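Open the model in your viewer and keep the selection panel at hand. The tour goes stop by stop: select, look, move on.

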Amino acid sequence: MSAGALLAASGSGADFPILNALIFVPAVGALVVALLPRNRPDLARPVGALFAAIAGALALAMAWQFDTSAAAAQLANGDAAFQFGSEVSWIPALGISWKVGIDGISLWLVVLTSVIVPIVLAGVDPHHDPKPYTAWMLLLQAGSVGAFVALDLFLFFVMFEVVLVPMYLLIAGWGYEGRRYAATKFFIYTMAGSALLLVAIVATAVLGSPESGITFDLVTLAEGQRLATNAARLCFVAFAIAFLVKVPVVPLHTWLPDAHTEAPTAGSVVLAAVLLKLGTYGLLRFGLYLFPEASDWAAPVLVTVGVVGVIWGAITAAMQRDLKRLVAYSSVAHMGFIVLGIFAFTAEAIGGGVIQMVNHGISTGALFLLVGMLYERRRTRQIDELAGIQSAAPVYAGVFTLIMLSSVGVPGLNGFVGEFLILIGSFETRRWWTVIAATGVILAALYLLWAYQRVFHGPPAAADRQTADLRKGELATLAPFVIAAVALGVYPKPLLNATEPAADTLLEHLVEHSDFELPDPADPVIVDAGDGADSHDGDDH
Amino acid sequence: MPSLEELFNETFASPSVDWWVLVPQIILVGAALGLLLVASLAPRALPAWASTVVTIATGAATAITAAIQWTDWGSAPRSTLAGAFVSDGFSLLITVLVGAGVVMTALVAHSALDRYGMAPPEFAALLLASAAGAVVMAGANDLIVLFLGLESLSIALYVLIALAGRRASSRESAMKYFVLGAFSSAFFLYGIALVYGATGGTNLSRISEFLFGTVREDDYLLLAGVALLLVGLGFKIAAVPFHFWAPDVYEGAPSPVTGYLASIAKAAGFAAMLRVLYVAVLQQGTAWSPIIVALAFASLSVGAVMAICQSDVKRMLAFSSISHAGFVLVGLAAVDPDIVDRLWADFGGSVGVAADLGDGVSSAVFYLVAYSFMALGSFAVLSAVVGSSGDPDDGTSRHDLSRYGGLARRRPVLALAFAVLLLAQAGVPLTAGFVAKFEVIRAAVGEGIYVLAAVAMVTAVVSAFAYLRVVLTMYAPEAAATSGDDAPTARISRPRWGDLPLTTVLAIALAVAVTLIVGVLPQTLLEWSADAALSIFP
């Protein structure tokens, strides 16, 4: 397929290159902000937020136009369907093109990125040097969206690496005490992870290109599957390491607590909501889709790593004294769930993984915002220096409760949908892993509620009593998160409609190109459970 | 009994000279001699700016002539002087690069000459003479001519480095470079002798024909000769373990000269190495490619690891330059032994084989061009920083990392330019440095040298740390706070470009522009370097 089918699939996208607009509007915005007059630093954030908001509005319009039935129809051909596609030759000598397109997996990640950046730009004060800050935030938005929509391996790598620079400078320039250490650690860890990714990308293209010439086109390479088994497995390992550092999974996660804790609030929000998703999205798009056989081969290790992340992240989070660090470790646990879901290889689990990516962005992003607001008031994030905030700032406490419950995964809020789907889906293929991971849900309730109890309940000290409640501006910043958390919890259908066909397509691709077989719905799990219950009942009598 | 004259005519047929081929060399040498002549006959008649203008004009003319020759003649080789000198796409691309390097060095040096106490006309003449040597090396098709080019380049450089004689470090580094350079020249000469003994010729094409065309009992003499040639050239490109001079010399030399040393002198050394390996002794590819792999491996790792230990920015750039040489060597190492065998089987030119081989060479050429601009730009920034703040009075080195603290506040645009150049060297996408690394990795992976490719990328991460440290220091707000008393005034009347010399600014802008344009739209340079690479194969 490649170009022809892509263009056919893009029929619904009209002629306006909306994905490129989502990349270039923020990029141009960054340039405009950088060129603003020197003596008007106050203009930077409004102008930047305007550009980001234009991109956000475009993204929402795109989500509205996204054709879920077309995606479903494409499924019949067994082809991956990418909508709103466009392709421009970039470096013809190497078969590299600027090729973008989205499917149900990337759609909501693009929307999330494009919406969350204008919100934090407008809502969070950087305190100094607003001009470069705004410019870097906009470049971060452009690069992240670019990575989510890239359908060319070279383009993806460029975007994947480019987002490091603004994030690095945001942490180093606007972070807290340990920012230089944290920023460098973040950059080096991620760059080290992707060092081998570049070699693997080149190897994939060199070995996997059709006779007609070298290409870095994802769809051509993935549908062709020309790599020998061992070469594909080695390349997959290199890809997976790069993405697992980004996710991050447990042995590779130590950059994350530092980066999150030292980053400025907006940086933490974008890091959690967007940058971590590059890892899990990469695992889906450039792991599962590009190397189905190798994914099947490595799945036992990857689901184990995911489950270890769930438990390790939860236990470590429970032991943190710093509220922001606690939220950071809770990220590790949530991302572990997503890795489990992706490599459980059922439509529910993969779909749940994608939904969990979006929901984690919403709830953890909001938690970082809330912790940032608390720090603004109290200049501390140490849990034991805070107590009884509830009585002094009831609205703040209310919002915190709601978001916290969404992060725990309470039914009726968004966090529940993804985690539930992951657990249901994984139970069919990876039963014991799922059993262990499910305890992570309980642990999440434990560490978050315990932290809540210590910070918000109890006798307030003098300083606690003077903690101001949320201002209108802060409420407005948090409102979209709260609305999304409730709305997607009650009515997750828009998410599900987009992700389901995409997950099905991906699974078909997997079945076609590997030894993996979908579990027979008539068979084992449910019947087994039924048998067990029956015999148990029998004993009772 | 023939007369002496008859004997002479019989044995010495004077070669035909295609003067058009030699125009770039003639321009460079002519301008150098003219400058020297005017400077010694009428020293007062030549104001300082005049020699800079002449140098820039000469450099530009060289580059433009070479570009015109390339567009007119295509990449096909045109040899002259009885095959001793060849002008093909490769030599012309290097000539353009040398011309650009001369222009940029002259721009940077213009404002620095005074500071270093260097006489403008002498500096200009030596720069042009060394450039002539570099251009000769790029086109030399005979080991003797290659040696002539190498010596013209080196001797001019010895003096250029020593030209800032007021400073002890300059004299010391010139001495070091001279002694080790003389040694390496001796190695090189001895290598020529052995290769001549083994093959009966010094002409590169002749050597290749001989090697492909005859069955020999053993190649020990030849291999010893090639090894000695590699030692001599390894010194020029500062590959580990022939790199010991580099950090000291780079540190001691005036910054504009260091930039030239790191870019143009290195490019010329690589050009010579490429020609010797790929034209003369390609048949021995299976023998020399392990040596190149070892050199690449050592340069990459030593350069990267040593770079992160440096507290002096100039020394850090010196070590990083060693690791960049390692990357170019990875490109050179990307020669598949099977292909050499196939080439042997059907020697006489199958284009497909040349295209396969060309990948490695083309990536090396691309890397050289990309790195040259990054290096010239980086050392230009160093020159600007020292030039604007003078020598330190606290005994720290002139380029100590601490002096870059808060540069982003004092000179935001200069700091941004330096950050771009450093990140480009670290290989961040959308810069020339990334495409260059990508090309080298592609060539290496294409030839199946996965381990070296992986090592190269890992060392790139290690050296990224060294660059990041400088970027962080520049953007660190604390440094501005510590120099609290002058911080407020700096805020009110922020010097932007005003007090920086315009010529240096121009050079930095040029380097940054090339780095970014090549990074975003590399197609043209990719085509040029592929073209150039293909043109050197027999």
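A charge sits over a ring if NZ of Lys or CZ of Arg is within 6 Å of the ring centre and within 35 degrees of the ring normal. Start with A:W450 and A:R454. The charged end of A:R454 sits over the ring of A:W450, 3.9 Å from its centre. Now jump to chain B and select B:W73 with B:R78. Here B:R78 lies over the face of B:W73, 3.9 Å from the ring centre.

Before going on, some ground rules. This is a predicted model, in which local features need pLDDT of at least 70 and side-chain atom pairs count only at pLDDT 80 or more, while totals for chains, interfaces and linings use all residues. Residues are numbered from 1 along each chain as its sequence is written, chains are lettered from A and ligands numbered from 1 in the order in which they are written, and side-chain values use heavy atoms, with hydrogens and water left out.

**Aromatic rings**

Rings of Phe, Tyr and Trp (its six-membered ring) pair if their centres lie within 6.5 Å; planes under 30 degrees apart count as stacked, over 60 as edge-to-face and the rest as tilted. How many aromatic pairs does the structure hold over all chains? There are 41.

Select A:Y176 and A:Y375. They make an edge-to-face pair, 4.9 Å centre to centre, with 70 degrees between the planes. A:Y176 lies in the loop between helix 8 (164-174) and helix 9 (179-208) of chain A, and A:Y375 lies in helix 16 (residues 347-378) of chain A, so the pair ties together parts that are 199 residues apart in sequence. Helices (H or I, at least four residues) and strands (E, at least two) are DSSP runs, numbered from the N terminus.

A:Y176 is buried at 13% relative accessibility, and A:Y375 is buried at 10%.

Next, select A:F236 and A:F291. This aromatic pair is edge-to-face too, at 6.2 Å centre to centre and 75 degrees between the planes. A:F236 is in helix 11 (residues 229-246) of chain A, and A:F291 is in the loop between helix 13 (265-288) and helix 14 (292-318) of chain A, 55 residues apart. A:F236 is buried at 2% relative accessibility. A:F291 is buried at 3%.

Now select a group that draws on both chains. A:F24, A:W90, A:W98, A:F154, A:F157, A:F216, B:F434 and B:F438 form one aromatic cluster.

**Where the chains meet**

Color by chain. In contact (heavy atoms within 4.5 Å) are 37 residues of chain B and 34 residues of chain A. The two chains bury about 3,300 Å² between them, 79% of it on carbon and sulfur atoms. Buried area is the accessible area (1.4 Å probe) that two parts lose on being put together, summed over both. Select B:F438, B:V461 and B:L472. They supply 19% of the area that chain B buries against chain A, more than any other three residues.

A salt bridge is a side-chain nitrogen of Lys or Arg within 4 Å of a carboxyl oxygen of Asp or Glu. The rule finds one across this interface. Select A:D129 and B:R409: their side chains meet in a salt bridge (3.1 Å, N to O).

Which helix of chain B gives the most to the side that touches chain A? Helix 19 of chain B does, with 13 residues.

**Salt bridges within the chains**

The whole structure holds 19 salt bridges over all chains. Select A:E474 and A:R377. Their closest N and O atoms are 2.6 Å apart. A:E474 is in helix 22 (residues 472-490) of chain A and A:R377 in helix 16 of chain A, 97 residues apart. A:E474 and A:R377 are buried.

Move to B:D88 and B:R275. They form a salt bridge, with the closest N and O atoms 2.9 Å apart. B:D88 is in the loop between strand 2 (85-87) and helix 4 (89-116) of chain B, and B:R275 is in helix 11 (residues 255-280) of chain B, 187 residues apart. B:D88 is buried at 1% relative accessible area, and B:R275 is buried at 2%.

Finish with B:D359 and B:R442. In this salt bridge the closest N and O atoms are 3.8 Å apart. B:D359 is partly exposed at 28% relative accessible area, whereas B:R442 is buried at 12%.

Definitions and conventions. Buried means under 20% relative accessible area, exposed over 50%, partly exposed in between (1.4 Å probe, protein chains only).
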